[in-house]
Amino acid sequence: MAISLQVCRFNTLPDLSVPESRAFHWRKPVSVRCAAGESPSSSVAVDSDFDAKVFRKNLTRSKNYNRKGFGHKEETLELMNREYTSDIIKTLKDNGNEYTWGNVTVKLAESYGFCWGVERAVQIAYEARKQFPQEKIWLTNEIIHNPTVNKRLEEMEVQNIPVEDGKKRFDVVDKGDVVVLPAFGAGVDEMLVLSDKNVQIVDTTCPWVSKVWNTVEKHKKGEYTSIIHGKYSHEETIATASFAGKYVIVKNMAEATYVCDYILGGELDGSSSTKEAFLEKFKFAVSKEFDPDSDLVKVGIANQTTMLKGETEEIGKLLERVMMRKYGVENINEHFISFNTICDATQERQDAMYKLVEEQLDLMLVIGGWNSSNTSHLQEIAEDRGIPSYWIDSEQRIGPGNRISYKLMHGELVVKEDFLPEGPITIGVTSGASTPDKVVEDVLIKVFDIKREEALQLA
């Protein structure tokens, strides 16, 4: 069967005149101090009475700040549609998310791929390049966790701020440059540096991430310690922690159980031990001067929006039970607080994956960036179900021949020969929230080619 593919090229953007604007300066309660000889991102401190919420509110009202685009939405969405949409995915959607090409039946998850927040972030970044065709445009981190999209932005000369010895070189950003904050957001320290550099800030932070920031700020106001379900090195969690007061970051239920066991003095499951052991275990995942003896009396739950919904809920329920056990049911509101911060898009993709793995499948393809947290959890669902599942970030991971290089849910890289069984096969397909449909199409074309070659050899 012939498959029609759209080929598109990026046209040079027209020159646009850009009015000169003044940088945002707000100094009274803020003090930015950098160690001698280091870049501003290396050692940024703020006064103890610094109010991150007030700072962010004032920043969003400044003339050099934009989070709604520049009036080029229609034409940039048209360009994105040309670059990222797929005829194959359209065929699947037009046929109830299931279609057969030759001897390959593909079953597509009901919810998959680009979420609203990701599409919005990429679209605003495209708008920024159109609005500022001549200026240098920087990203504080990858706009999203997808190599195809990130490479496309590189081609548009939207550059990542360089990192040297693990520290961002904000000194390369000059007055008049444009800086894009990615969908994951940016930490308070980075916003402080940028607000003082007379740059245009384009904020693509997903509103669901901002919702989590508002939650930890409520924790801080009520003097609750934020228990953040996330990965301490993930850009989103780093940003969230910067808006929190006291916090501890737990990666999974095992780490949450350890914290809860410590709260109960070792009477939950005995997994915790001494204060020193606690601080060693979470040395990269707690706030400055964290004291588990005094800072776990009042706790609130928050999460990295891409984590497993069910696990976040279970951690919240565990914390609530533990605080009831320690302080009494009648006092629970004084010691535990909870707001729903689970992202709808993450939840929908996980729910769709749980449904898809109940189908009769020979294998699963999970397509998304290898540093994508939400994609890793889609892979986790398939692995837990016992289905052969291959998490790849692009079609380049397939080949030569019937060979695939893929990752498991915890990041281990595996190479497998003959990953596609002989004869007719049924493949389940899903993609992470940062994955364009075109990437999924490119992967499926590789699969079709392998199976077509197999059929020719058997003919």
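This is a predicted model: local features need pLDDT of at least 70, side-chain atom pairs count only at pLDDT 80 or more; totals for chains, interfaces and linings use all residues.
Residues are numbered from 1 along each chain as its sequence is written, and side-chain values use heavy atoms, with hydrogens and water left out.

**Overall composition**

The protein has 14 helices and 18 strands; these are DSSP runs numbered from the N terminus, helices being H or I of at least four residues and strands E of at least two. Of its 459 residues, 53% count as buried, where buried means under 20% relative accessible area, exposed over 50% and partly exposed in between, with a 1.4 Å probe and protein chains only. Among contacts (heavy atoms within 4.5 Å) between residues at least 6 apart in sequence, 70% join residues at least 24 apart.

**Helices α1 and α6**

The axes of helix α1 (residues 52–60) and helix α6 (residues 188–195) come within 11 Å and cross at roughly 40°. Axes are lines fitted to C-alpha atoms, for helices over the stretch in contact, and angles run from 0 to 180 degrees between N-to-C directions. The two helices α1 and α6 are therefore oblique to each other; angles under 35 degrees count as roughly parallel, over 145 as roughly antiparallel, 65 to 115 as roughly perpendicular and the rest as oblique. From α1, the contact is made by A52, F55 and L59, and from α6 by V188, M191, L192 and S195.

**The largest nonpolar core**

A nonpolar core is a set of buried Ala, Val, Leu, Ile, Met, Phe, Trp, Tyr and Cys residues joined through side-chain atoms within 4.5 Å. The largest one holds 57 residues, of which M191, I227, F278, F282, L296 and L319 touch the most other members. Helix α9 (residues 253–263) gives the most to this core, with 6 residues. Not counting residues up to four places away in sequence, F278 touches V248, Y258, V259, Y262, F290, P292 and L296.

The contacts tabulated below leave out residues up to four places away in sequence.

| Residue | Element | Relative accessible area | Contacts |
|---|---|---|---|
| I263 | helix α9 | 7% | L296, V322, M323, K326 |
| T426 | strand β18 (residues 425–431) | 19% | T105, K107, Q360, L361, D362, L363 |

The C-alpha atoms of I263 and V322 are separated by 7.8 Å, although these residues lie 59 residues apart along the chain.
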